[in-house]
Amino acid sequence: MSDHQQQDRTAPRHMAARDGDRARGADTVAGVPLQPPTPRPVFIARVVVGVVLTAAALYAPFYFTPSDNRLLSEALYLAVAAMGLNLLTGFTGQVSIGHGAFFGFGAFASATLVDDYGWMFEATIPVVALLTAVVGLLVGFPALRVRGLYLALVTLGLAVLFPQVADKYATRGDGRNIPAIRPDRDSFDSLLEGLENDQWKYYVCLVTLVVLFFAAWNLTRARPGRAMIAVREQELAAATVGVNLSATKLWTFALSAAYAGVAGALSVMIEGNASATNPALYFQLSIEFLVAVVIGGTATILGPLVGALLVVVLRRNAEELVSGEPMLSPALFGGALILLVYVLPDGVVGGVRRLFARLGRRWATYELAPDPLSRSA
Amino acid sequence: MDLFIAQFLNGVSSGVVFGSVALALVLIYRSTGILNFAQGEMALFATYMTWQFTDWGIGVVGAIALSMAFAFVAGAVIERVLIRPVEGAHNPLNVVIVTLGMFLAINALALIIFGTTERKVPYVFPTDSWDVLGTNVAKETVGMAAVLAAECVFLWALLQKTKIGLRLRAVASNPESSRLVGINTGAMLMLGWGLAAAIGALAGSLFAAGETAFAGSSMQIILVYAFAAAALGGFDSLVGAVVGGLVVGVANALTIQYVDLLDGIELAMPLGLILAVLLVRPTGLFGKRHVERV
């Protein structure tokens, strides 16, 4: 016991600082030496884990069955939408429970371009991103004048309203009145020899995800990212140091809408249609995005991916566990959600980070001399 | 003109339900600063309880009273067991996630326990109407309005005229200081949640009694309208919630009747209404401005 205390006292001061002292996500800000140099074992562990995960992600579609690949692709597009929400909610602190509406808009836009205008599906993705960003701007302009709580409400209304709008304006007859657009199945076929359709779809999702996550990672570590975190932590203070509050919120909103729209386009590829038959669908999706962000870890880059995988696995296992009792699955899902928040209040990625920080601190006390640059708090 | 008045009264009776649920939302928001997304499902569960009691042969008024008592206890327990651990957490989103988890779980639990078939709560008020100067005024509308008025008077008296109400308000405005002067803040928070749950139970049961049937998804759309009502009223004002509920209810009924453009997308109305009000008055109709300290 006393041994332990001894260690703490000899540790460099900034290392003894609690994670809570720092703004979440701000430890990735470039040019600010908030973090001590990473101890070598942690660094090596990170490289090994990174290489193994990359290899696994690339090899996965050849290892799994088509139905599992589909599940993984679902997790990937869910992760893209969650990352969009993470930029808005995790980094900028504006809660939205209506990103399902942008997801749905992206899905319908992509399906319409493919079905009515004969576009190649892959080509619709950047166009959908642009279109959804514009819609995000239009919606965000009035919505962001209202603060925190009210934004959540306005976006909640959007998610509930969207299926009604889609039902009214985007209906495909086919003789029957089905509010859904189903492009031909071969619109999504593999463009590469030697790749099955399910593998192709997985890779399209994976590439999109990597590009968008990389963009988000860079963005959040640069000047715009610092502005976003400042807006989240303390609006007034951010404004006094020259952050343009409404502009920051507005473009973050548009950007996060674009992410959700791209995810919606990807969902058309996986599900084969854009549908508004279930009036609660886009509200449920909005909740799933938020859940993925929070259980993965807000204001982290890997969090949305981890969260999305967890959500998809949780959803599927809850369904399998209780076949025959359809209502038990949401009950278990809801319960698991509450439990996760208690056990890992800063999400899976946050939890893992804390673990590594603790291990790192232990190693650091033996390996590193106190850092002369450390801020004396 | 007759049609207009009829639709207006229609709107008032649905507005009373929106207002009641909004009242419950505001109570919780004022005491804990939490948006309770599970409010509608809590009310749904209580409504099923009311149905269960009447099914066992208890009179409908007694059944509602029992269900309100149940909801009061359950609301207090939920606050203590589920909400307390995440209150004041480092990440305020966690509370939102917990209430969303409750939203899913309580809805599913209600359907597991009570079944997915549609249920009917017996009418509380007579189904006929009075003839007032040539227009029919349903006794149900008057009854519901009376109940809402009674709720308001009760809450006003409780909050403004009793020691407990004073403590409740103290905890809402400054939990830290009220703890220092010896108020049991935990008990007050439980009381707030219990009250809100009981009001929700009453609103849900009365709504279900007026309809031909209710099912698992009945409360979700009501929750959206109630949020609209609360936002309209400014979210920290009880009067605002009631007025907001009535405005949303009436505007909704009139939109359905008169605005063909919004046929099928009537929900655009409450949404547009919130936006319009918040753009002009960001604190809602009755909300107070908060001064922030950096």
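This is a predicted model: local features need pLDDT of at least 70, side-chain atom pairs count only at pLDDT 80 or more; totals for chains, interfaces and linings use all residues.

Reader: What confidence does the predictor give to chain B?

Author: On pLDDT, the predictor's confidence in each residue, from 0 to 100, chain B averages 84, and 96% of the residues score at least 70. Within chain B the lowest confidence falls in strand S1 (residues 129–132), with a mean of 76, and the highest in helix H3 (residues 60–83), at 92; helices (H or I, at least four residues) and strands (E, at least two) are DSSP runs, numbered from the N terminus. The model as a whole has an ipTM of 0.77 and a pTM of 0.81.

Reader: Why is B:Gly244 called buried?

Author: A residue is buried if 20 or more other C-beta atoms lie within 10 Å of its own, exposed if 12 or fewer, and partly exposed in between, with C-beta atoms placed from the backbone. B:Gly244 has 35 other C-beta atoms within 10 Å and is therefore buried. This glycine belongs to helix H10 (residues 238–258) of chain B, and its contacts beyond four places in sequence are B:Ala22, B:Ala229, B:Ala230, B:Leu232, B:Gly233 and B:Leu285.

Reader: What makes A:Ser329 count as buried?

Author: A:Ser329 has 21 C-beta neighbours inside 10 Å, so it counts as buried. A:Ser329 lies in helix H14 (residues 328–343) of chain A, and its C-alpha is 8.6 Å from that of A:Asn317, 12 residues apart in sequence.

Reader: Which residues touch the most other members of the largest nonpolar core?

Author: A nonpolar core is a set of buried Ala, Val, Leu, Ile, Met, Phe, Trp, Tyr and Cys residues joined through C-beta atoms within 7 Å. The largest one has 213 residues, of which A:Ala79, A:Val80, A:Ala81, B:Val21 and B:Ala226 touch the most other members. Helix H8 (residues 185–210) of chain B supplies the largest share of this core, 17 residues.

Reader: Why are H2(B) and H3(B) described as oblique to each other?

Author: Angles under 35 degrees count as roughly parallel, over 145 as roughly antiparallel, 65 to 115 as roughly perpendicular and the rest as oblique. The axes of helix H2 (residues 39–55) of chain B and H3(B) come within 8 Å and cross at roughly 140 degrees, where axes are lines fitted to C-alpha atoms, for helices over the stretch in contact, and angles run from 0 to 180 degrees between N-to-C directions. H2(B) and H3(B) are therefore oblique.

Reader: What makes H9(A) roughly perpendicular to H11(A)?

Author: Helix H9 (residues 223–233) and helix H11 (residues 245–271) of chain A pack at an angle of about 110 degrees, with their axes 10 Å apart. H9(A) is therefore roughly perpendicular to H11(A).

Technical notes
Residues are numbered from 1 along each chain as its sequence is written. Chains are lettered from A and ligands numbered from 1 in the order in which they are written. Two residues are in contact if their C-beta atoms, placed from the backbone, lie within 7 Å.
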